[in-house]
Amino acid sequence: MRIASWNINSLRARMGRLLDVLDTRQIDAIALQEIKAKPEQLDLAELEARGYEVAAHGLNQWNGVAIVSRVGLEDVEIGLPDMPEYDGVAEARAITATVGGVRLTSLYIPNGREIDHAHYDYKLEFLDCLTEHGRSLLAKNPSAPIVFAGDFNVAPTDADVWDPSFFEGKTHVTPPERRRIRALEEAGFRDATRDWLDAPGTFTYWDYTSRRFQKKQGMRIDFLFSSPAVHEAATGAMIDTEERAQKGTSDHAPIILDVSL
DNA sequence: ATGGTAGAATGTCTA
């Protein structure tokens with residue numbers, strides 16, 4: 001089974017790009033982030049014609065997550081247990097479904113904005129909530145096949161950004177954010193793509209501004225954090241930088257994992 | 001030509 005994750009930066013603006021990625025890479029299930037739409041605004045005809053089912057969660061023009069699968073899509077859950085709110089709103093940042101025997105969650109972790117912004121504290125709380133949830137799931141069943149897929153908005157090490165000095169004083173690289181990624185790893189989840197892709201300059205996101213993709217100035221902030229059962233079943237991974245090179249695509253590249261469960 | 005895109009409530013926030 002081939003599973004993927006992609007911050008698509010508007011599903012309506014890029015439905016054609018999604019279909020192209022699904023066709024070209026023969027993806028069975030993909031977790032999408034920043035769909036930027038309510039479910040009723042989406043035209044799913046072309047996905048359904050290809051045999052894909054869709055579960056989408058979006059409240060307005062911001063955030064929004066979805067799962068698209070041609071290997072079944074069951075037991076959909078919105079949000080996370082005890083998920084933190086922002087300004088009193090439970091935002092559209094998590095959706096979960098069982099696809100091909102894997103419990104897949106599509107996650108759009110809050111950006112954090114500035115270090116002294118309330119959004120940064122919200123981001124840390126959200127990551128704490130996710131780790132607690134993962135810990136709880138594995139306590140119940142250590143061999144559960146789980147993937148936390150998405151845009152984590154954290155570069156776990158200095159090697160995951162094109163120039164650490166550029167990010168001094170900025171979010172995405174601070175010790176508290178990085179500690180939370182390590183806590184998720186200590187809970188039993190590993191980014192399954194990193195075992196296959198660890199060369200310097202391996203990134204998943206390149207800012208539109210300053211044409212950072214053309215300059216190879218990216219960040220590695222998208223991951224497929226996998227439980228041991230999935231991680232041990234992984235047979236390969238790729239980051240679709242060919243898609244990121246396309247005209248009119250997202251500022252993130254799709255990340256792809258093959259698993260033999 | 002000092003660098004500065006893209007998407008969404010069409011104006012300004014978000015990333």
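Good morning. The model before you is predicted, so local features need pLDDT of at least 70 and side-chain atom pairs count only at pLDDT 80 or more, while totals for chains, interfaces and linings use all residues. Residues are numbered from 1 along each chain as its sequence is written, chains are lettered from A and ligands numbered from 1 in the order in which they are written, and side-chain values use heavy atoms, with hydrogens and water left out.

Let me begin with the sheet. Helices (H or I, at least four residues) and strands (E, at least two) are DSSP runs, numbered from the N terminus. Strands of a sheet pair through backbone hydrogen bonds, either parallel or antiparallel. Here, two strands pair if DSSP finds at least two bridges between them. In what order do the strands of the open sheet stand? The order is S3-S4-S2-S1-S12-S11, a sheet of 6 strands with mixed pairing. At its edges stand strand S3 (53–57) and strand S11 (234–239); each has a single partner strand, so one side of each is left without a neighbour in the sheet. From one strand to the next, the twist averages 15°. Angles of this kind rest on axes, which are lines fitted to C-alpha atoms, for helices over the stretch in contact, and they run from 0 to 180 degrees between N-to-C directions.

Within this sheet, strand S2 (residues 29–33) is joined to strand S4 (residues 65–69) by 5 bridges in the antiparallel sense. Ala31 stands opposite Ile67 in S4. Helix H1 (residues 15–25) lies across strand S1 (2–7), S2, S11 and strand S12 (255–259), and runs at about 155° to S1.

The loop between H1 and S2 contains Gln26. The phi of Gln26 is near 50°, a positive value in a residue other than glycine. Gln26, at 42%, is partly exposed. A second residue of this kind is Ser210, which has a positive phi of about 65° although it is not a glycine. Ser210 belongs to the loop between S9 and S10 and, at 37% relative accessibility, counts as partly exposed.

I turn now to strand S10. Is strand S10 enclosed or open to the outside? In S10 (residues 222–226), 5 of the 5 residues are buried, so the strand is largely enclosed by the rest of the structure. Strand S8 (residues 146–151) runs antiparallel to S10 and is joined to it by 5 bridges; one bridge has Asp151 as the partner of Asp222. Strand S9 (residues 190–191) also pairs with S10 in the antiparallel sense, over 2 bridges, and here Arg190 is the bridge partner of Ser226.

Next come the aromatic rings. A pair of aromatic rings is described by the distance of the centres and the angle of the planes. Rings of Phe, Tyr and Trp (its six-membered ring) pair if their centres lie within 6.5 Å; planes under 30 degrees apart count as stacked, over 60 as edge-to-face and the rest as tilted. How many aromatic pairs does the structure hold? There are 10. One of them joins Phe152 and Phe225 edge-to-face, at 5.1 Å centre to centre and 70° between the planes. This pair links distant parts of the chain, 73 residues apart: Phe152 is in the loop between S8 and helix H4 (175–186), and Phe225 is in strand S10. Phe152, at 0% relative accessibility, counts as buried, and Phe225 is buried with a relative accessible area of 1%. Trp162 and Phe167 form another edge-to-face pair, at 6.3 Å and 75°. Here Trp162 is partly exposed at 24%, whereas Phe167 is buried at 8%. Tyr86, Tyr122 and Phe126 form one aromatic cluster.

Finally, I consider two helices. The axes of helix H3 (residues 118–140) and H4 come within 9 Å and cross at roughly 10°. H3 and H4 are therefore roughly parallel to each other, a term that applies to angles under 35 degrees, with over 145 counted as roughly antiparallel, 65 to 115 as roughly perpendicular and the rest as oblique. Contact, meaning heavy atoms within 4.5 Å, involves residues including Tyr120 and Leu124 of H3 and Pro176 and Arg180 of H4. Thank you.

Key: Buried < 20%, exposed > 50% of the residue type's maximum accessible area, 1.4 Å probe, protein only.
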